[in-house]
Amino acid sequence: MKSKTLLRLALGALISFTSTIDAIAVDGPAKQLFGAQSLPTVSAPQSAGFYSKGCLAGGVALPVDGPAWQVMRLSRNRRWGHPRMIALLERLARDAATKDGWPGLLVGDISQPRGGPMLTGHASHQVGLDADIWLTPMPKQRFTDDQRENVAATSMLKGDTLYVDPDRWTQSRTALLKRAASYPEVERIFVHPGIKKKLCDSVQGDRSWMAKVRPYWGHYYHFHVRIKCQPGSPNCKPQEPIGADDGCGKSLAWWFTDEPWKKAPEPAKPKKPKVTMLSDLPKACAMILNAPGPKSVDQVTYGAGAKVAQPAAAGTPATAYAPEGGDLPEDVPAQGQ
Ligand SMILES: [Zn+2]
């Protein structure tokens, strides 16, 4: 009797285990599956995969408002990131406001709650280690939800040209980029080639930080901060290390030829007609997609202000890196933030 009961229990457990596996194994277009997630997993933070092909466990939200930032486009629900990314944004906001004369950050997209591909807008931003920050300074007043959806960012370019409008670019913007580049965990910052050129033509003194600032399509009303794979993410795939060169030579000159602008401004790799399925992402992403979430958003919102944990000290620019690595793939240039 007893052993029969045990057997039945064991069978039952096996069946439920099997159906759990089945539930996890259901495949589908990754952007729809991840785009439907409204909350992160409650687990240790972990980025799985690559910036443009991966997902995020244990993501936390940047609070909608902080002493020196406001999150824009709240309806997109993309204010989620690895806790180190969120800590960095809060630190940048504070440092820029207190040291660089930049009144505060308007923060655009970071990642979805569980990362992954998005239904609109970006190729990267999938592992919680990318964030877009507007080049428009934060106003004194708090935006309403409606304004956060509709206020437009200001282009830094002069008309339809590839060049920065000298009346719009300010020293404080240069200081903001330099500040962002000063943090050791920041590996790359993407800006429009015109902005890169402006820095190349105007930055005096220490230029070592400029190696991190990379020209890319789009990014003329915002810049994009990318941090390295963080500890505790064994499945995070790092990008090629950047060179120590300030990037003001040949590689920048290429952007001012016809070549990058001939067709649709897409990365050089041919676009796969195939839709990325959940099964195309790292295996961990199926688990992450199906893992339990928190009871409330508050439970997974990063502590603001004084509660912010300090990441590693700033001020160590990249110097000893290997030869040039590609930046691709990156953001799909999109209209509107
Ligand atoms: Zn971006």
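**Exercise 1. Locate N77 and state whether this residue is buried, exposed or partly exposed.**

Solution. N77 lies in the loop between β5 (69–71) and β6 (80–81). The structure is a predicted model. In the backbone of this model, N77 has a positive phi of about 55 degrees, although N77 is not a glycine. A residue is buried at 20 or more and exposed at 12 or fewer.

**Exercise 2. Determine which residues of helix α6 are buried and what covers them.**

Solution. Helix α6 comprises residues 193–202. Its buried residues are P193, G194, I195, K196, K197, K198 and L199. Since seven of the ten residues are buried, α6 is largely enclosed by the rest of the structure. The covering elements include α5 (171–182), β9 (186–191), β10 (213–215) and α7 (250–253). For the protein chain, buried residues make up 38% of the 337 residues.

**Exercise 3. Describe how helices α3 and α5 cross and which residues make the contact.**

Solution. Two packed helices are described by the angle between their axes and the distance between the axes. The axes of α3 (residues 83–99) and α5 come within 10 Å and cross at roughly 140 degrees. That angle makes α3 oblique to α5. The crossing is right-handed. On the α3 side the contact is made by L92, D95 and A96, and on the α5 side by L176, R179 and A180. Sorted by type, the residues of this contact are four nonpolar, no polar and two charged.

**Exercise 4. Identify the residues with the most contacts inside the largest nonpolar core, and the element that gives the most to this core.**

Solution. The largest nonpolar core has 70 residues, and those with the most contacts inside it are L89, L105, V107, A180 and I189. Helix α3 gives the most to this core, with eight residues. Consider L105 in detail: leaving aside residues up to four places away in sequence, L105 touches A68, W69, L92, A93, A96, I133 and M138. In soluble globular proteins, nonpolar side chains tend to be buried together.

Conventions: Residues are numbered from 1 along each chain as its sequence is written. This is a predicted model: local features need pLDDT of at least 70, side-chain atom pairs count only at pLDDT 80 or more; totals for chains, interfaces and linings use all residues. Helices (H or I, at least four residues) and strands (E, at least two) are DSSP runs, numbered from the N terminus. Two residues are in contact if their C-beta atoms, placed from the backbone, lie within 7 Å. Axes are lines fitted to C-alpha atoms, for helices over the stretch in contact, and angles run from 0 to 180 degrees between N-to-C directions. Angles under 35 degrees count as roughly parallel, over 145 as roughly antiparallel, 65 to 115 as roughly perpendicular and the rest as oblique. A crossing is left-handed if the near helix is turned anticlockwise from the far one by less than a right angle, and right-handed if clockwise. Ala, Val, Leu, Ile, Met, Phe, Trp, Tyr, Cys and Pro count as nonpolar, Asp, Glu, Lys and Arg as charged, and the others, Gly among them, as polar. A nonpolar core is a set of buried Ala, Val, Leu, Ile, Met, Phe, Trp, Tyr and Cys residues joined through C-beta atoms within 7 Å.
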